[in-house]
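Here is a briefing on one protein chain. Please keep the sequence and the 3D view side by side as you read.

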Amino acid sequence: MIRWFIYLFLGILFGIILTKSEVISWYRIQEMFRFQSFHMYGIIGSAIFTGMVLIGLLKLNGGKAIDGTKIDFPKKVYNHGYIIGGSIFGMGWAMTGACPGPLFALVGAGVYPVLIIILFALIGTWVYSYFRPNLPH
């Protein structure tokens, strides 16, 4: 039960950070796709850099999960599905103005029409899981 409160706290903290950094602002996302502002690229670049450093430290020090199990980093094998999936994800992001994390932050900020987008994101996830055995992986 305590684990659920930790997850809830981290989710709320994540939502506050997204809101305060204006990542959930449709105008900021529009600026990014029009190459008019560095704001979103700076935030995304900072997240990528932080992730690279932290994963590198975990690999060097043999990181363990909260439950004590060793964190494994399996090697990724490239396939063309990544390009197709990434393109579909980018189109959805451009059309809706938000990727999955900020969608829930928008609900927390009181922008309830995004519940429709979340519904369609869930439908898209279900469709992917249905066709997954027939897709190239």
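The points below go from the whole chain to single residues.

This is a predicted model, in which local features need pLDDT of at least 70, side-chain atom pairs count only at pLDDT 80 or more, and totals for chains, interfaces and linings use all residues. Residues are numbered from 1 along each chain as its sequence is written, and side-chain values use heavy atoms, with hydrogens and water left out.

The chain has 6 helices and 0 strands. Helices (H or I, at least four residues) and strands (E, at least two) are DSSP runs, numbered from the N terminus.

**Overall build**

- Along the sequence, the pattern reads α-α-α-α-α-α.
- The C-alpha trace spans about 40 × 40 × 35 Å along its principal axes.
- The chain has 137 residues, and 15% of them count as buried. Buried means under 20% relative accessible area, exposed means over 50%, and partly exposed lies in between (1.4 Å probe, protein chains only).
- Take the contacts between residues at least 6 apart in sequence: 36% of them join residues at least 24 apart. A contact means heavy atoms within 4.5 Å.

**Surface and charge**

- The accessible surface of the chain is about 11,000 Å². Carbon and sulfur atoms account for 74% of that surface. Such areas come from the Shrake-Rupley method with a 1.4 Å probe; for residues, only the protein chains shown count as cover.

**The nonpolar core**

- The largest nonpolar core has 14 residues. Met 40 and Trp 93 have the most contacts inside this core. A nonpolar core is a set of buried Ala, Val, Leu, Ile, Met, Phe, Trp, Tyr and Cys residues joined through side-chain atoms within 4.5 Å.
- H2, helix H5 (100–108) and helix H6 (114–131) each supply at least two residues of this core. H5 gives the most, with 3 residues.
- Which residues does Met 40 contact, leaving aside its neighbours within four places in sequence? They are Val 23, Arg 28, Ile 29, Met 32 and Trp 93.

**Loops with a positive phi**

- Glu 22 sits in the loop between helix H1 (2–20) and helix H2 (26–33). Glu 22 is not a glycine, yet its phi is positive, at about 65°. Its relative accessibility is 34%, so Glu 22 counts as partly exposed.
- Phe 35 sits in the loop between H2 and helix H3 (39–61). Phe 35 also has a positive phi, near 55°, in a residue other than glycine. Is Phe 35 buried or exposed? Phe 35 is exposed, with a relative accessible area of 69%.

**Side chains that reach the backbone**

- Polar contacts are pairs of N or O atoms within 3.5 Å. Within protein, one atom must be able to donate a hydrogen and the other to accept it, and residues adjacent in sequence count only if both atoms are side-chain atoms.
- Ser 37 lies in the loop between H2 and H3. Its side chain reaches the backbone nitrogen of His 39 at 3.2 Å. Beyond its neighbours within four places in sequence, Ser 37 is in contact with Arg 28 and Glu 31.
- Thr 50 lies in helix H3. A polar atom of the Thr 50 side chain is 2.7 Å from the backbone oxygen of Ser 46. Thr 50 has 40% relative accessibility, so Thr 50 counts as partly exposed.
- Asn 79 is in the loop between H3 and helix H4 (81–96). The Asn 79 side chain reaches the backbone nitrogen of Gly 81 at 2.7 Å. At 17% relative accessibility, Asn 79 counts as buried.

**A pair to locate**

- Gly 86 is in helix H4. At 40% relative accessibility, Gly 86 counts as partly exposed.
- Gly 86 and Tyr 112 are 26 residues apart in sequence. In space they are 26 Å apart, C-alpha to C-alpha.
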